[in-house]
Number of protein chains: 2
Amino acid sequence: MFESVEVGNRLSKAAFKRIEPHMRHDLLEVQKELAVSPLSVIVIVGGAEGAGKGELVNLLLSWMDARGIDVQAFWDETDEERERPFMWRFWRVLPPTGRLGIFFGSWYTAPIIDRVFNRSDDADLDRALDRIVEFERMLADENVLVLKFWLHLSQDSQIKRLKKLEKHPDESWRVSKSDWKFVKKYKKFHRISERAIRRTNTAFAPWHLVEAEDVQYRTIVVTRTIRNAMQSALEALKNRPAEERRPDMPKPKKFNVLENLDQTQTLTEEEYEAQLTKYRSRIGFLARKLREKGLSMALVFEGPDAAGKGGAIRRVLSALDARQYRVVSVAAPTDEEKAHPYLWRFWRHLPRRGKITIFDRSWYGRVLVERIEGFCSPEDWQRAYGEINAFEEQLAESGIIVLKFWLQTTPEEQIERFRDRQTTPYKQYKITEEDWRNRDKWNAYEAAACEMIEKTGSDALPWIPIPANDKNFARISVMKAVAKALEDRLK
Amino acid sequence: MFESVEVGNRLSKAAFKRIEPHMRHDLLEVQKELAVSPLSVIVIVGGAEGAGKGELVNLLLSWMDARGIDVQAFWDETDEERERPFMWRFWRVLPPTGRLGIFFGSWYTAPIIDRVFNRSDDADLDRALDRIVEFERMLADENVLVLKFWLHLSQDSQIKRLKKLEKHPDESWRVSKSDWKFVKKYKKFHRISERAIRRTNTAFAPWHLVEAEDVQYRTIVVTRTIRNAMQSALEALKNRPAEERRPDMPKPKKFNVLENLDQTQTLTEEEYEAQLTKYRSRIGFLARKLREKGLSMALVFEGPDAAGKGGAIRRVLSALDARQYRVVSVAAPTDEEKAHPYLWRFWRHLPRRGKITIFDRSWYGRVLVERIEGFCSPEDWQRAYGEINAFEEQLAESGIIVLKFWLQTTPEEQIERFRDRQTTPYKQYKITEEDWRNRDKWNAYEAAACEMIEKTGSDALPWIPIPANDKNFARISVMKAVAKALEDRLK
């Protein structure tokens, strides 16, 4: 593959000088359009050592308006990054709409380097690459234009270039030992990069192989590609028919896992108190062990209004040290959140090792309230199932215990609780007009929840439906499940 | 001081039960009001080990609406925190407007503990405390209500409590070796905490000493204090006369450092090229040394429109590895930024150790554009001088080299550049209607700049005024100053 670009492409200085002002003008124009568009752009600069990646990035910054560009260099992970799922460090710096992010190193670096140095095998590599494809598909769906450049240099040229740099008194410091280490691994690096590029060369995020030998040539090829791709993407956005955001009211299906919950189960006050004490101390002990082992936990609470999410959460919290957990209440997104792909607002709250995050409502909002109220397009919530599964798998693999609770009451029980809330002074804040409105859509919400449970529940990441008509029973069920999950994992 | 609260305050269970529902109701009510107000609240929970800080926080979370509360526990610093100024870890988690942050440990912890374990002396402690006072004054001015609680326990009670916990089979894990280490240091901890509390007990952020012996008593005292303080603060905001945000147009003073710059200095193209090459390689080399030494740098560029900030920045960048720097262009704040104290948006961009951040416009906007356009109240920009000085001192002390450039052209030169921008295709994006409007206020901006230079320039953190009528001269002057600052610091 690489050989196909080793053809000695060159561009004369004169031709370059002729093209440069036009290119700069075009780039600035298209960047101005970007700034007021719902698009964001990621330029990934990959390739061989010594191929001039740094120079290229400097040039882009000087030709374009540096104020609209964020350069992200992914050197060694910080401990905050290391203690979270691998992709966290990329999510945290995704450019918001209107901006361009230049990624120096990327999600490709670790999988390729790990394989080159035999820290992984081909199957690991392929799995990582397939994940990347899914990730980039999500970015494309979320209006993030991903431009991937691979600057290619033949082995001879690479050696020549490094030697030349080393000889230059002012430049020699640019050459490090690790550069030479890479040169030695050239063939292997070459083979593995090729595999990575082939497998991730998709229509929505294609690779651009650029012969890097001639600086004029590579500069114009890269900038032209950026210009054209940005122009097309902005054009496509303009011509796109207005996004359809109609509410989707799914009809209940025959088998309804939520309707079939046994709501007759109850606990007396005495049983409840005894069990609460028991599980509280058990969870307290296990949470401490969790911290010592460097694992973490994410608890997700979903369910209709007044199903007792808050109460159940408080009981779990009462077992924990306040320094170890964080409650994230999911409400309307901020404008920084709206300027990023949907899952960004949840990635930013992921627990570090040893910590516990409790989500009071969660990323499932997309396939529940957003679906039913028409806050997103049908395509958006439909692709969300797969995106959520991929997201949760990453959490689980990085050592986060993920538990997803669905608290379910009957509609009759809900109405009683609403009435109680309206008459109890310190509960009034919990009940709003919206709650009454949502009630009318009970069946649609239930059907959406059933579809969600079906599509996002798995053996490894199951939904835990909790019959919640009896608060005591529901709370203890949650505590029990938390204790069991911790025990299973820590034993 | 502490003795004054060791009086055996108690509250009966019956009285507690009577008060509880009212208190919960009130807290929820006031929290609801908070949610839609421009106020945010920080509750600092300090005090002796074993005084029940964890329980108290859990209780607050269960009585109030946990969804509007962020608990922040300041355990060991992460490397991202350690590599930035001390206060960074607190700034990054300041609660936005409408929310309440409970701080478990705070900016008081390190100064007190350092002193207890003799890692600092009394003078260090006092300096740290005085800084805290300034910081809390700023928070008060920015509508952040700071509530500081100190839960006090006599030494006897502390020992009794820890022993009781240790005996309890389910609770013994709560007692750690470091708890006992603190008990041994009780007297010293006591003395130093007292000093800290006295020195930081201000009208705008008073301490509340609470006898912690009796759980009912301490719970009601703390919650009552929180309720009352929040009610008063919200009331005060409501009754405050509408903030005056009138433009302030300062008159030029007699001595004008900017007018007196020698604008006749020029460099020929040849001189410029030679010097550029020289300083580029010098800065490139020094920046690498900077990284190796674990220092960092913040470059601030201010000056009238078209003074050549962008061009000067680009020349500096051309000497640097794109992976080492970040350009932060200061434009309108996002809503997350607006929901925090003014300097928050700059704290979030501070460079880690080894990195360089270039600010294209900066925190000085408050005393320049915001002052002159009336975007903030006169009180706001007047207190900004002191806040900025305190901010920059913290940067400098943490190993960040801070350089502040003021690029100055004459008004005649500016108008020529505006015309050039309008006729050169790839420069057109740089000129807007606003630039022409700002021009009319040339004198006011210049006077504001002179006042700023006077009030925020110091020997340690001087302003560097650059005569910028000749672009070549200006760019080389900047490069020279950067190189010199690096050399001075790294030699």
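This is a predicted model: local features need pLDDT of at least 70, side-chain atom pairs count only at pLDDT 80 or more; totals for chains, interfaces and linings use all residues.
Me: What makes a residue pair across the interface of domain 1 of chain A and domain 2 of chain A a polar contact, and how many pairs are there?

Reply: A polar contact is a pair of N or O atoms within 3.5 Å; within protein, one must be able to donate a hydrogen and the other to accept it, and residues adjacent in sequence count only if both atoms are side-chain atoms. By that rule, 11 residue pairs qualify across this interface, both residues at pLDDT 80 or more. Residues are numbered from 1 along each chain as its sequence is written, and chains are lettered from A and ligands numbered from 1 in the order in which they are written.

Me: Which elements supply the side of domain 1 of chain A that touches domain 2 of chain A?

Reply: α3 (79-82), α4 (88-91) and α6 (122-141) of chain A each give at least two residues. Helices here are DSSP runs of H or I, at least four residues, and strands are runs of E, at least two, numbered from the N terminus. The largest share, 4 residues, comes from α6(A). By class, that side has 10 nonpolar, 1 polar and 9 charged residues.

Me: Why is the pair Asp141(A) and Arg383(A) called a salt bridge?

Reply: The term asks for a side-chain nitrogen of Lys or Arg within 4 Å of a carboxyl oxygen of Asp or Glu. The closest N and O atoms of Asp141(A) and Arg383(A) are 3.9 Å apart, so the pair passes. The count between domain 1 of chain A and domain 2 of chain A is 5 salt bridges.

Me: How do you know that Arg99(A) and Asp70(A) tie together separate parts of chain A?

Reply: Their side chains meet in a salt bridge, 2.9 Å from N to O. Arg99(A) lies in the loop between α4 and β3 (100-104) of chain A, and Asp70(A) in strand β2 (residues 69-73), so the link joins parts 29 residues apart in sequence.

Me: What makes the relation of chain B to chain A that of a two-fold axis?

Reply: Superposition is by least squares on the C-alpha atoms of residues with pLDDT of at least 70 in both copies. Chain B is laid on chain A with an RMSD of 0.1 Å by a turn of 180° and a shift of 0.0 Å along the axis. That is the two-fold relation.

Me: How do you know which surface the copies use to meet?

Reply: Contact means heavy atoms within 4.5 Å. By that test, 49 residues of chain B are in contact with 49 residues of chain A. Of the interface residues of chain B, 98% are also interface residues in chain A, so the copies meet through the same surface.

Me: What makes up the count of salt bridges between chain B and chain A?

Reply: There are 6. Among them, the side chains of Arg92(A) and Glu80(B) meet at 3.0 Å, N to O. Polar contacts between chain B and chain A come to 15 residue pairs, both residues at pLDDT 80 or more.

Methods
Side-chain values use heavy atoms; hydrogens and water are left out. Ala, Val, Leu, Ile, Met, Phe, Trp, Tyr, Cys and Pro count as nonpolar, Asp, Glu, Lys and Arg as charged, and the others, Gly among them, as polar.
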